[in-house]
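Hello,

Here is the structure I promised to pass on. My notes on a pocket and a sheet follow below it.

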Amino acid sequence: MKVIVLSGGVGGARFLRGVVEAVDPAGVTAVVNVGDDLEALGLSVSPDLDSVVYALADLSDEERGWGRADETWNALASVEALGGDAWFRLGDRDLGLHLVRTQALRAGQPLSAVTARLTAALGLEPTILPATDDRLRTFLDTPNGSFDFQQWFVARRHRDPVDRVRFEGASDARPAPGVLEALHEADLVLIAPSNPYVSIAPILAVERIRSALERRRVPCVAVSPLIGGKAVKGPAATMLNRLEGGTSAVQVTQRYLPLIDALVIDEADARDADGIAELGVRPIVTKTLMRDAASRRALAETALDAVALA
Ligand code: FO1
């Protein structure tokens, strides 16, 4: 089976691990958000791509959710002691990847080619693609000013309420090579349990990705990032409340209309099933918390079963 998964960082990366454990990994393509990308200490960092790469290579720090396991922070301590910028924490092991990528990008290689090289070096079977090789950056407009994603998320700990999310560069951004081909060949499109506003929306902001999705002939199934109306991690629920008027799986469905055929929701949100169905979307109720390998695989299998919706 060929599956394409639209993904952000932490939650998406966990879900992708489940997907590659449930189907032939060679048939899986992840299309990953790049709106969070930044330059830190002169290095090009792609946090969501890296969370996906590290998770699939079994290198990620499970507890933190981002960065590498068994990390040390000597370089960052040195940066700090020298008065450098240390608000965005790059670990010693993680730095290696950013050095390789930055050098390649400066030499003119596109992000997709660099990512392919990194995944090949790690022996990964699934295809991992940035949504675009072009510059696309997420900005949050808040009552306290406008911030780029990592300034808002990490430096300001996403405390500013968000009035609007913008994707600079989206109107000119082209899908990275391989994205449209994977969409055309897929038997199923999955949207990972990532934040709809800042992880999935930047991917859909690439016009040719959105229009290809709208024209697809195969099912598209999203997994809700909420459990009991709350985000497992991060600002998804706060954003849904302010921008969509509530924090139930019905609001998640509204965010993804008219793209999705089904929404996988947690048992704790089962009361939302009727509201989802009224919007013309099939609710699929299961346990969605990915606490270990068995639960991530079970969640992936439930979403993959929706291939039968066709
Ligand atoms: N998240 C933090 O909360 N603080 C950090 O200092 C931080 C550093 C970091 C470095 C590399 C990387 O790949 C991810 C990093 N993240 C950090 C996570 C990242 O900001 C977000 O989780 C994603 O962008 C949201 O999907």
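First, a term: on a 1 Å grid over the protein atoms alone, a pocket is an open set of points where a 1.4 Å probe fits, with protein on both sides within 12 Å along at least five of seven lines, and its lining residues have an atom within 4 Å of a point. This is a predicted model, in which local features need pLDDT of at least 70 and side-chain atom pairs pLDDT 80 or more, while totals for chains, interfaces and linings use all residues. Residues are numbered from 1 along each chain as its sequence is written, and side-chain values use heavy atoms, without hydrogens and water.

The second largest pocket has 25 lining residues, and Asp37, Leu38, Glu39, Arg135 and Arg137 are the ones nearest its centre. Its space is about 440 Å³, taken as what is filled by probe spheres set on the points, joined across faces, edges and corners. Strand β6 gives the largest share of this lining, three residues (strands are DSSP runs of E, at least two residues; helices are H or I, at least four; both are numbered from the N terminus).

Strand β6 also belongs to an open antiparallel sheet of three strands, ordered β7-β6-β8 (pairing takes at least two DSSP bridges).

Enjoy looking around!
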